[in-house]
Each structure stands twice: as structure tokens, then as C-alpha cells.
Amino acid sequence: MDEPVFKLAHVSQQFGALTALSDLTLTIDLGERVALIGPSGAGKSTFLSLLNGTLMPSTGRVEVLGCDLSRLGPRKKRWVQRQVGTVYQQHHLVTNLTVVHNVNAGQLGRWSLAKAAWSLLWPQNIELAAQALAQVGMAEKLYARTDRLSGGEQQRVALARVLVQQPAAILADEPIASIDPARSHELMALLRDLTELAGKTLVVSLHDIEFAFQYCTRLLGLRQGALQFDLPPAQVTESMIDDLYHLAPNYPAPSL
Amino acid sequence: MSSSHAAITKLFAWPSWVNRRSFWVVMVWVAISTSLYTASATGTALINWNGLGQFGEFWLASLNPDLSPEFLAIIGRATLVTFAYAVCGTTLSVGLGFIGGVLAAETWWRTVFPPSAKGSWLGPLMWRWVRVLLAFPRAIHELIWGLFFLSILGLDPVVAVVAIAIPFSAIVAKVFSEILDETPQEPLNALLNSGAAPATAWLYGLLPQALPNLLSYASYRFECSLRSAAVLGVIGAGGLGYEILLSLQSLRYSQLWTGFYALILLNGTVDLWSAWMRRRLGFTSRLDLHTPAEVRKKSNALNPALHRSQDWLLRLSWGLIALVTPLCYWRLNIGWERLWSPRTHRLLADILTASRPVWPTLEGFQALLHLSGLTLAMSILAMALAGLGGILLSFPAAQTFLLPAGCLSIGGTKGAVRARSLFWGSRWILLVSRAIPAPIWALVFLFVLFPGVWPGALALAIHNLGILGRLMAEVNENLDERPVRSLQALGASPGQIILYSVLPQNLGRFLTYIFYRWEVCIRETVMVGLVGAAGLGRLLTEQLSSFDYSGLAITLGCFILLTLCVDWVSQQIRKTQAEF
Amino acid sequence: MKLFIQRATVLGSLVLSLTACAGQQTTPESGGELNNAEAPSLAVGAIPDQDPEKIQRLSDKLTAYLESELEVSVEYRPVTDYAAAVTAFKVGDLDLVWFGGLTGVQARLQVEGAEAIAQRDIDEQFTSVFIANVNSGLQPFTDISGLKALKNKTLTFGSESSTSGRLMPQYFMQKTGLTLDDVKGKVGFSGNHDATIKLVEAGTFEVGALNSQVWDSRLEEGAVDQSKVSVVWRTSPYYDYHWVVSPAVEERYGAGFTQKLQTALTGLDASVPAEKELLELFGAAKFIPTENQNYAQIEEIGRQIGKIK
């Protein structure tokens, strides 16, 4: 596929009087691993929401796989959205269902309503779900109740859900915000390996820039909604990072 | 900039106690005192001491119910029939109410017409439409629905089943939609963003989370259906309501009491069983009405009790439900084919033509306004009394309060005995109050009160007190005990604990229940209109017995308007509670 | 579009499953144009002022008697509400009903060709009584003009559509120029004759109007505290309760069936023990033939008072 996975042209996002993103223009290609860094409130989450179609830009164009989401009908839009999987910080799983249903939720885009309903009684396509769980190292938990898993395990289930979705790009919003350093490395390595192996794109927002340098191929520095730099890790200097965080007296210091 | 400016103006322009909340507090007091004035405006004495004999006669008969085998056989059969109607009415109204609840949920319309997509304005519009549409079936009492369906479907069990199902499914739809909207939305949004279709995304992302709450409310609905099924007996459904009305026709008190005991037994059993089911499902509240503020605080974590759902007793219960439900449908022999028979179409066309409203003259309009005022006054007095009484009785009736090991327990053997008798005593009062239908209460009060608004208001108050007190006791049982325990450790008395810890935590929920019930109460004024009480109910029964369909259409319109108003006011007040 | 189809599928499947589980049982018994199976039962409704046990016995006996006399199957349908009984008669689900004077007229007006066929001996000369609490200060009177004394007293009727407990008493009051606005407060509707007695006895209302047959039998039973309540006036006689039959029976069971019914009802014989009990349950010595014309006065009064539109 020659087309970029994401293409943003003069994108701005307003929330009432507040400007969350202003005049962003960039493209993200297949196989890239992009880290979004910047202080709280810089617009990282807004950026991700634009990529998966939760938000439509106030001005400008966002193209996903060459399609402008704001111009698509609901069916076509859903088809494009299936190509983008998102891992959330709070997992957003249905905790009173078993793991297999939560993982299968990633396949819903390809299932008819009847099949989806039947699957709740008689789980369908288990091989795919089991395979995804094996990839995240949780093969034995297929029929466990989700609310009986630890936070880290739940995060892996959320990741497995994205894997069965088989998207072209994976978005991750602060995936390591609430887990300890050792597990953070484990998860980031997993994300890197899973995307690298399948040639997928990864866009991840990180508050801890050390991880960004270690696991990503491209860093986007955002501050107050504006793009400060867009460079490979090797070209990002310490002073750039200082500028990104320290010049804003209103924001707390980064956890470096 | 402008918003902060507005905030500052708001801050400085008014003293802090002038806000929406104090406005509504004042409005509630004004409403209650106006109602008091209206009710006492007749200028006659209130209490009729000479009627104490008849009053006592009614109560004495409670010690001496008719237990002859023939009569017990009749009552036993009638109890089964009432039970069967309640089962059919509940299952149907929960099924239809679920569909309505999805369509009345803001979340559904946001899913179908996402705010960021084209045509997003359609969502809120459709949502509002459905909400208004649902007010129509709710505003009209089951008995009136029953008479309406009787005139188009004829004499058949289907009439009573549909008469329960129509208003109840609208109520279920309203509550279900609130539960669905208050269920955490993130899993749903996550699925939608990954390209799942709306219905599938709901099936996996929202419904499983909401299910225990929906089931819990459905079991409460069963208790309500039981009470309605008893009332509908008079229009050909048979059952306890029919036998009780026959005994009432000739004032055979001892037979009446046999019927009441059957109702009490039925209500009590269902109450115990459904409370047990809910506990096993991990949801202790039968009607989980939240204020929006509470929902924000509520975590997504589920009660650990849920893990015991493998319980074999629970499975047995599900098995029984699966077995008994079709049995009830079979037993009643419901003539569903009447719903689409050509005769029904013809009769429906007839009644719709006959009920084309003739607009009232100015005088007629004034009379309607006056009667609506009386109905409103009656319902406000009833709810004020029921609310107050319910709150008072909810403390001794809560399992976790006065009983040994409860948070207000006094200790000692003597204390324990007293606490136990208070507990069972208050539970009994609540059970009897809600099991005996409101019209019976009205007649009983008519012995000792002079006619007017009061007998009806008191009858509705007592009946609703039984329902509210039970709901409130449950709120008390679900209370966060930590603040109570800490006050107890300080050596505070039970009264002080209630004032400083229990009421501040629970009052919001209590008020939500009272306002929820108020709407039901408006509809129930029809029932006490039958026994010489005042208001729109009186007019309605007169019009019913004169087959004055065009007049009926107008009167029912008044009920619908009143319901919409009450709905709006309670929504406003719930919003105000959310601000604090 | 697909979305709407999907939604329709959900709704459709739910509705289908609901109706499917229900549709299996259909009623073979109900009459009218609903089914065309072999002749359906004759549906009878009768709600005299009796308690459940007696109604139970009455329904069994009545069904058995009519079945043996008419040689068709008979089904007793319990309806206690008079408005409901009129409606059921109108839509054709009740064929033969024991109505009060007013409700009988209301029912016949809604079903063209319906006929009044029989009434009790006492219904030809039926009366109402006005009763008063001793504290009301009202004294018994013999002339109708005595009713004027009801001005500014509180008054209760029985049920809205009762002939003896509401329609005729109101008519006699109107004859003396007394309207419902002339009494004190709002007129009460106790719901039934016995409640009227109790409420006047209690003093909740000063005056009550009811069926004299119920009053006499309660006096006989000793169920009335005569130191508190007594009769002040007995009305002049009028026609009341009667059996009304729907014209549908002639279509269903052949011409002359109405005549057969009339003969069966008037043929109840007090000298036969089983039939005597049935008559007693209706509070009658025998049934006599009657005709629509007998209730013209009731109809006229009903229209005057607004109970017939």
C-alpha cells in the first residue's frame, strides 16, 4: 500500500474557546512507530481521537488510508475504523463478561448481529481469540471472568482485542501510565514486536519520554496544540525536550 | 473569557443561598402548604368521631378472617390467577420495556447518529420524541387501559395482560433508559471506534454491564404487577381483585380480610424471594435510581457477591422462572388473536370516532383546571405523608440498623428483643400498607374522616408509604457504614447518628424515590376517585359510567399533561441534587 | 440503511419470540365473529349484590339450569364493573346479562336489536330509600316535597350507574327542584348500597340513597344500627333490574331462541328445590316477562341527568 496510513492537512481542533490542536500537517506511513510526547494538555489524546474517528477536525482534513472520515457514510466509516485499533489507558473492557467475549469484541466489525448474539451463548472463532491471547502471553485465561484479572492482565486482554481486530494501525493512549517500570518495558516491547512483525503502524502517546526514545522510530513533540518537532529519536536534542516541557510555567514538570 | 466573567457575576450578584436548590426547596414547601390549604378549604370538620365504630369493625375483622374451606378454595384459586396475570404482565412489559428503553436512551441515539457525523441533530430530536411518547401510556391508570382494551378486544384475559403491559412497559422503558444511560460508556465507545455496528457494539459493550441492574429492576416490577393484577380483577380478569370487590360490594369484612391476607402472603413471598435473587445476583437495590452526581462517583467495580452466581439455588430459581412463565401463559389461555382480528379494527375505529374531543367551554375549562388542582393537591399531600412516614419506618425496617450487629443497635438482650420486634413490626406495617389496595384504604378512611380531599390523600399516602418505606429500607441497608461506625465510636446516640450520618448520605436517594413515586401517585388518584374522593378521578369515573368518550378524551389529556409536568419537575429537582 | 435493517431485525425477533410463545394457545371458547367453529357457548353475566361464595354457587346453578333448558353450552363470565359489563355486551362477548335499570338501557342503546326479556317480580315495583343519620335532624316524611329538606345536607349515592342508588333518587330530587349543587359539599359515591348504609351510620354523610331491597334485608339481618340511621322516605315505584339478551343469539342458535330464553327464565319454579335456591340467590320469588318499553322512563331520566349521551 503506497498510501500513507494517516494524512493530516492543516488540522485544527477547537473545544468552545479552547484550541486543542492548531494547524497540524503531517503523514504517518505503514510500519512507522510514532510517539506523541508533550506536557499534559498538549493535545495528545485529541490527536489520537482524530486518528480513530472519535472526533472530526474543526478545520482541515484527516485522511485514514486515503479516506476522509468526515465525508463517509456510517457503513464506509466503520469499514475504515476497523483498520485502526485503539488500546486505552483504562482498558475499557466489559468486566462482567469472560475474556473470550472481550477479545471477540475486536471481531465485531466483521460479524453480523446474529453471529455476535450467538457468540455470546456459544463463542465463535475461538482459534483467533486464543491465538491473540497466546501472543500477549495469556493463553490459559480464555474463559476467565475479566473482573477477576489483575490490571496488567486486563491490559493484555485489551491488547488481544485489538489484535483480533487485525488493524493496519494500532493507537495506544498512555498505555503505561499506571503500571510499574518493569511491566512498562514488557508492554512496550510487546507493542513494538507485534507491530514490527506484522508491518503495522503504531501511534502511542507517552508521558515518559525515555520509553519514546527506546521503542519508537519517530517522535512528535506537541505543546499547547502545536507541533514543536517531528524527528527520529536520534535527532531530538535535550534542549528540544527542555523547550517542550519547561517553558510552560503553568504545567507540571515532566516525570523524567 | 466571557464564561469566567459570567461566573464572576454569578458569584457576586447573589448571596450563596439563592440558587436553584433553595428555589426548589421553597417551591416544595409552597406546593405542600397550598395543597394543605386546598384540602382544608371545605370549612367542615375533618375527623368524624362517630365513625370510630365502623372503623373498629373493619379492623376487628382482621382477627377473624373467613377460613371456611369453601371460601379458602375460592381465594386459593383466585390467588393463582392473580399470580399468573402478574407473571404475564411482567414478562410482557419487561420485553416491550426493553425495546422502549433502548429507544428512549440518549446513548442509543448518540450511537446511531454520532455527534460528529452528518445528521447528528436527528439524534436528540428522536430521543426527545420517544421520551414524550412514553409519557402517554404512563399517564393513564391500568384500570382505564383495561376498560379501553375491553371495548376493543372484548372479554378476554388478553385485556388485563395488555392493560398491565402497556403502562408498565412505558415505565420500564423510562427506568431502563436511565439505567442504560448511567452505565459506563467507555467500553461501548471503544467498540464503536473500532468500527463495530451500533447494535453489535451495544450487545458487547453496554448491555452485559447493565444486565444485572436491568434484571434487578425487572424483579421489582413483578411486585408492582402483582398489585395491578389484583386491581384489574374487576373488569373480568377474575382473581383476588374480583373476589375482594365482591366481598366489598356487600361489606363482608371477614371475607375481605381473607382476601387481604392472601394478597399479603403473595406480596410478602414475592418480596422475600426477589430480594434474595437480587442479593445473589450481587445487586441489593430493587430500583437503582441514581442522582447523576452519584453515578459519576460510582466505580465500575462490581460487587464481589456476583461471583457466587454459580449458586445452585439461583439456578433452581432460573429454572423455576423458565418453567412457571409458560405455564402462566398457558393457564390464562390468552386470546392473542383478538389483537389483530378484524372486529378489533372495527371497534377501535368506532371508539376513536366516538372519542373525538369536544373542546370545553371556558366554564368547563375552569372546572377542569379546578379538578386538576385538586388531583395535584391530593397527590402532593399523599406523597408528602408517604415520604415522611416511609423515611421514619425505613430505619427500624432496615436489616442493618437496629438489629444486633447493626450500626444502630443498642445492645443487651432486652435491646435485641425490642429491636427485633421493631424490625418485624415495621416490616409488617409496610407489607400490609402496600398489599391492601388504595380504594379499600379510601373507604376505611371515609368512616372516620368527612368527605373531601383527605380520605383519598390518606389512602394514597398509606398505600405508597408501604412501597416507599420498603424501597428506603433497602437504601439504608446499602449505606456506606464507615461514617456511621466512626460516629458510633465517638459515642453518638442512634438519633444523632441518623441526623448526622445516615440522612445526609441517603436523603438524596429518598427524595429521588419520592419524586419517582409521585408520578405513579397522580395516576392512582383515579382509583380513589371511585369512593367519593375529589379531583379528576371523580370526573373520570362519572364519564366512564356514562360512556362519554369525548369527555373522557379531555380528562385523560389532563392526566397526560399533569404527568408531563410532574416528570419535568422531578427531572429538574434531580438535576439540582446533582449540582451538590 | 443496513443499520435500520439490523435494528428492525432485533426488534422483529424480540416481538416474534414474544408472540410466538404466546400464539400457541388460542381460545376456542369465545364467541362472536372471532371464530367460526361449531356454535360457541352462550356467554352469561350476572352480578347481583352477593358475596363471592354465593356468586360461585349462583354461577354453577345458573349455568347448569340454562344448559339443561336450552340444550346449548353456557359459560358464566365474571364481570363486576357495570361499565365493563355494558362494554362486553356491546362488543358481543356477553350474550345474556343481568343489568340494572340504567345499565340495561345503556347496553340496549349500544346494541341494536337487544331486548329486555325478563325481570324479577319485585323489579316491576322497585323502590329506593333515603336514609338519614340521627344527627342530621331530618324527620321521616311521606310527600316527595319533603326532599327539599336535603338542602345543605351532605349526601351520598351508591355507584354512578346504579338505578336505585343514584339515578332514581337524583330524579326525585330534581322533581322537587333540588339539584346536586344544592347539597352540602360534593355528592359522594360510596360504590355500593352497603357502603352507603355504613357511611350514613358513621355520620360521614348525613343522608344516603339506596336500593330498598338491600336496606330491608340488612334490617332483617340486624346489620343496621337503627339508633343511628333510619329511613326518611321511600320513593314511588319504578322498573329496575332485568335480563337483556343480544340479537346475536338468534343468529347463532336459530330464530326463536330469545323466546326460548324468556321461557326458561320465567319458568324457574320456586317449588323445585334447586330452582328455588337459584331464585333465592337472585332475591326473587319468580321471574316475569318484561319488554323494552317498560324502561322508557328510565331512558328519559338517564338522558335528563346526563348518564345517557
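**Why do we call it that? Talking through a predicted model**

Modeller: Let's start with E174(A), found in the loop between β7 (169-173) and α7 (181-198) of chain A. Helices here are DSSP runs of H or I of at least four residues, strands are runs of E of at least two, and both are numbered from the N terminus. Keep in mind that this is a predicted model, where local features need pLDDT of at least 70, side-chain atom pairs count only at pLDDT 80 or more, and totals for chains, interfaces and linings use all residues. Residues are numbered from 1 along each chain as its sequence is written, chains are lettered from A and ligands numbered from 1 in the order in which they are written, and side-chain values use heavy atoms, with hydrogens and water left out.

Biologist: Why is E174(A) called buried?

Modeller: The relative accessible area of E174(A) is 13%. Buried means under 20%, exposed means over 50% and partly exposed is in between, using a 1.4 Å probe and protein chains only. At 13%, E174(A) is therefore buried.

Biologist: And what is the phi of E174(A) near?

Modeller: Near 45 degrees, a positive value in a residue other than glycine. H91(A) is another non-glycine with a positive phi, about 65 degrees. You'll find H91(A) in the loop between β6 (84-87) and α3 (99-104) of chain A.

Biologist: What makes H91(A) buried?

Modeller: Its relative accessible area is 12%, so H91(A) counts as buried.

Biologist: Over to chain B. How many helices and strands does chain B have?

Modeller: There are 24 helices and zero strands. Of the 580 residues in chain B, 61% are buried.

Biologist: Pick one. Why does V502(B) count as buried?

Modeller: V502(B), in helix α22 of chain B, has 0% relative accessibility, so it counts as buried.

Biologist: Which residues does V502(B) touch?

Modeller: Leaving out residues up to four places away in sequence, V502(B) touches F395(B), F401(B), N476(B), L479(B), V484(B) and I497(B). A contact means heavy atoms within 4.5 Å. V484(B) is 18 residues from V502(B) in sequence, and the two are 7.1 Å apart in space, C-alpha to C-alpha.

Biologist: What makes A78(B) buried?

Modeller: A relative accessible area of 4%, so A78(B) is buried. A78(B) lies in helix α4 (residues 69-103) of chain B and touches G239(B), L240(B) and E243(B), again not counting residues up to four places away. A78(B) and G241(B) are 163 residues apart in sequence but 8.3 Å apart, C-alpha to C-alpha.

Biologist: How do you know how far to trust chain B? What is its mean pLDDT?

Modeller: 83, with 88% of residues reaching 70 or more. pLDDT is the predictor's confidence in each residue, from 0 to 100.

Biologist: Now the cavities. What makes a space a cavity?

Modeller: On a 1 Å grid over the protein atoms alone, a cavity is a set of points where a 1.4 Å probe fits but cannot get out, while a pocket is an open set with protein on both sides within 12 Å along at least five of seven lines. Lining residues have an atom within 4 Å of a point. Grid points are joined across faces, edges and corners, and the volume is the space filled by probe spheres set on the points. By this rule there are 11 cavities of 30 Å³ or more.

Biologist: How much space lies in the second largest cavity?

Modeller: About 250 Å³. It has 23 lining residues, and the closest to its centre are E142(B), R227(B), S228(B), H463(B) and E524(B). The largest share of the lining, six residues, comes from α11(B).

Biologist: How does the lining of the second largest cavity divide?

Modeller: Into 12 nonpolar, four polar and seven charged residues. Ala, Val, Leu, Ile, Met, Phe, Trp, Tyr, Cys and Pro count as nonpolar, Asp, Glu, Lys and Arg as charged, and the others, Gly among them, as polar.
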